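Here is a short briefing to read alongside the model. Keep the sequence and the 3D view open as you go.

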Amino acid sequence: MNIGVVCYPTFGGSGVVATELGKYLARQGHKVHFITYSQPVRLDILEENIYYHEVNVQDYPLFQYQPYELALSSKMVRVTQKYKLDLLHVHYAIPHAYAAFMAKQILKAEGINIPVITTLHGTDITLVGKNPSYKPAVTFSINNSDVVTSVSESLRRDTQEIFNISREIKVIHNFVDLSLYQADDNCKNAFAPKGEKVITHISNFRKVKRISDVVAVFHRIQKEHNAVLLMLGEGPEKERARQQAQELGIGDKVKFLGKTSEVVRVLCISDLFLLPSEAESFGLAALEAMAAGVPVISSNTGGIPEVNINGVTGFTADVGDVDRMAEKALYILQGDARLYQFGRQARQQAEKFSLEQIGPKYFELYQEALGLVGSH
Ligand code: GMT
């Protein structure tokens, strides 16, 4: 199959899912064409069957905002024609599903009928998509995709509640490549030379992640345990978090590692993962931590409870309830046996979301989508 993939190329979860799925399909022998404005961070363009097409937006002084959707649609049209794509799979509705609809119409006028699969990821629905400035266009592009998937049951429900949706939404949970996650004790010395407990958080440091709760929970943890907090990622709330840590007198214990490519290694040396988000359709970072055998303390919002099972793989608490989060973190950290047990259960839960189990579901969907429009 020749597959076109549109996604955000950044560190965000939707881009990671799109890239890992594309790499998996390429390993199965399909030709996978990524169409994005820069090379996706986890994409190795030297891998077999992987192609990368950059979307270039013309800078013109008349435009206050450059028309990215137009450039993206045009690129989708050209790549589909040149490489005889069988389908377009777009991740994150805004503006990808909208641009894909336009590309589909342009191609239709040329006699090419290509199915569009839209995967909804989270804030494209729960935060940005429902804003009145985007809502009609998002509703239209979801309803006019050939197949729509969401990454959790919770996101499916939210989509149906927020928008006037006339089509089925299939849930395909996010996945993780379990083979990448192996314990790496050697590397632990670098961050925890005195045997400190390693507490980790990974995100794009947006408000929705409630970064100040991460610091507040860690503040309570480190009163009882010799511990460090590793903060991975970049974003608008990072400096505020640094300041908060300084004010609490724990600046030396909170380490900001930025956009590191060593996510897997850091997770493999972690003892506990914190994800206190305000909204979270799935929580891919939590799943990745669990794959590394790391228990998760999280909020119970959105799709997180579909991943982090309260009392089994870690604990969940109401958004903002840092007292309970800290109390449960301390409970897990109380003794190696308990930490090990939660870690093992976390890994077992992650195994239900393996690439081998979830990857084929997308392929089945592609075949279904091709049947829907009839191959060309
Ligand atoms: O929706 C976003 O905030 C961006 C998106 C991303 O690109 O990181 O994150 C969402 O998609 C991830 C992958 O499916 C999910 O694991 C995240 O839970 C989800 N983020 C939110 O819902 C806040």
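Ser-73 sits in helix H2, which spans residues 68-83. With a relative accessible area of 6%, Ser-73 is buried. A polar atom of the Ser-73 side chain lies 2.9 Å from the backbone oxygen of Ala-99. Keep in mind that this is a predicted model.

**The ligand and its shell**

- The ligand is surrounded by 16 residues.
- The closest of them are Gly-13, Ser-14, His-121, Thr-123 and Glu-280.
- What is the make-up of the shell around the ligand: how many residues are nonpolar, polar and charged? The shell has 5 nonpolar, 9 polar and 2 charged residues.
- His-121 places a polar side-chain atom 2.6 Å from an oxygen atom of the ligand.
- Asn-174 also uses its side chain: a polar atom there lies 2.8 Å from an oxygen atom of the ligand.
- Phe-282 uses its backbone instead. A backbone N or O atom of Phe-282 lies 3.1 Å from an oxygen atom of the ligand.
- On its own, the ligand has 480 Å² of accessible area, and the protein covers 94% of that area.

**Aromatic rings**

- How many aromatic pairs does the structure hold? There are 11.
- One of the pairs is formed by Phe-101 and Phe-140. This pair is edge-to-face, with 4.7 Å from centre to centre and 85° between the planes.
- The pair links distant parts of the chain, 39 residues apart. Phe-101 belongs to helix H3 (residues 93-109), while Phe-140 belongs to helix H5 (residues 135-143).
- Is Phe-101 buried or exposed? Phe-101 counts as buried because its relative accessible area is 16%, and the cut-off for buried is under 20%.
- Phe-140 is partly exposed, as its relative accessible area is 38%.
- Tyr-8, Tyr-37, Tyr-68 and Tyr-92 come together in one aromatic cluster.

**Backbone features**

- Most residues other than glycine have a negative phi, and most peptide bonds are trans.
- Tyr-92, a member of the aromatic cluster, has a positive phi near 80°.
- Where is Tyr-92 found? Look in the loop between strand E4 (87-91) and H3.
- Tyr-92 is buried, with a relative accessible area of 13%.
- Arg-210 is not a glycine, yet its phi is positive, at about 50°.
- Arg-210 lies in the loop between strand E8 (197-202) and helix H8 (211-224). Its relative accessibility is 24%, so Arg-210 counts as partly exposed.
- The peptide bond that joins Ile-94 and Pro-95 is cis, with omega at about -15°. Pro-95 is in helix H3.

**Side chain to backbone**

- Thr-19 is located in helix H1 (residues 13-27).
- Thr-19 has 1% relative accessibility, so Thr-19 counts as buried.
- A polar atom of the Thr-19 side chain lies 2.6 Å from the backbone oxygen of Gly-15.
- Asp-321 occupies the loop between strand E13 (314-317) and helix H13 (322-333).
- At 27% relative accessibility, Asp-321 is partly exposed.
- A polar side-chain atom of Asp-321 lies 3.1 Å from the backbone nitrogen of Arg-324.

**Sequence gap and space gap**

- Which loop holds Ser-145? Ser-145 is in the loop between H5 and strand E6 (147-150).
- Ser-145 is buried, with a relative accessible area of 2%.
- Ser-145 and Ile-117 are 28 residues apart in sequence, and their C-alpha atoms are 6.1 Å apart in space.
- Asp-321 and Glu-224 are 97 residues apart in sequence, with 19 Å from C-alpha to C-alpha.

Note on methods:
Residues are numbered from 1 along each chain as its sequence is written. This is a predicted model: local features need pLDDT of at least 70, side-chain atom pairs count only at pLDDT 80 or more; totals for chains, interfaces and linings use all residues. Side-chain values use heavy atoms; hydrogens and water are left out. A residue is near a molecule or strand if one of its heavy atoms lies within 4 Å of it. A polar contact is a pair of N or O atoms within 3.5 Å; within protein, one must be able to donate a hydrogen and the other to accept it, and residues adjacent in sequence count only if both atoms are side-chain atoms. Accessible areas come from the Shrake-Rupley method with a 1.4 Å probe; for residues, only the protein chains shown count as cover. Ala, Val, Leu, Ile, Met, Phe, Trp, Tyr, Cys and Pro count as nonpolar, Asp, Glu, Lys and Arg as charged, and the others, Gly among them, as polar. Rings of Phe, Tyr and Trp (its six-membered ring) pair if their centres lie within 6.5 Å; planes under 30 degrees apart count as stacked, over 60 as edge-to-face and the rest as tilted. Helices (H or I, at least four residues) and strands (E, at least two) are DSSP runs, numbered from the N terminus. Buried means under 20% relative accessible area, exposed over 50%, partly exposed in between (1.4 Å probe, protein chains only).
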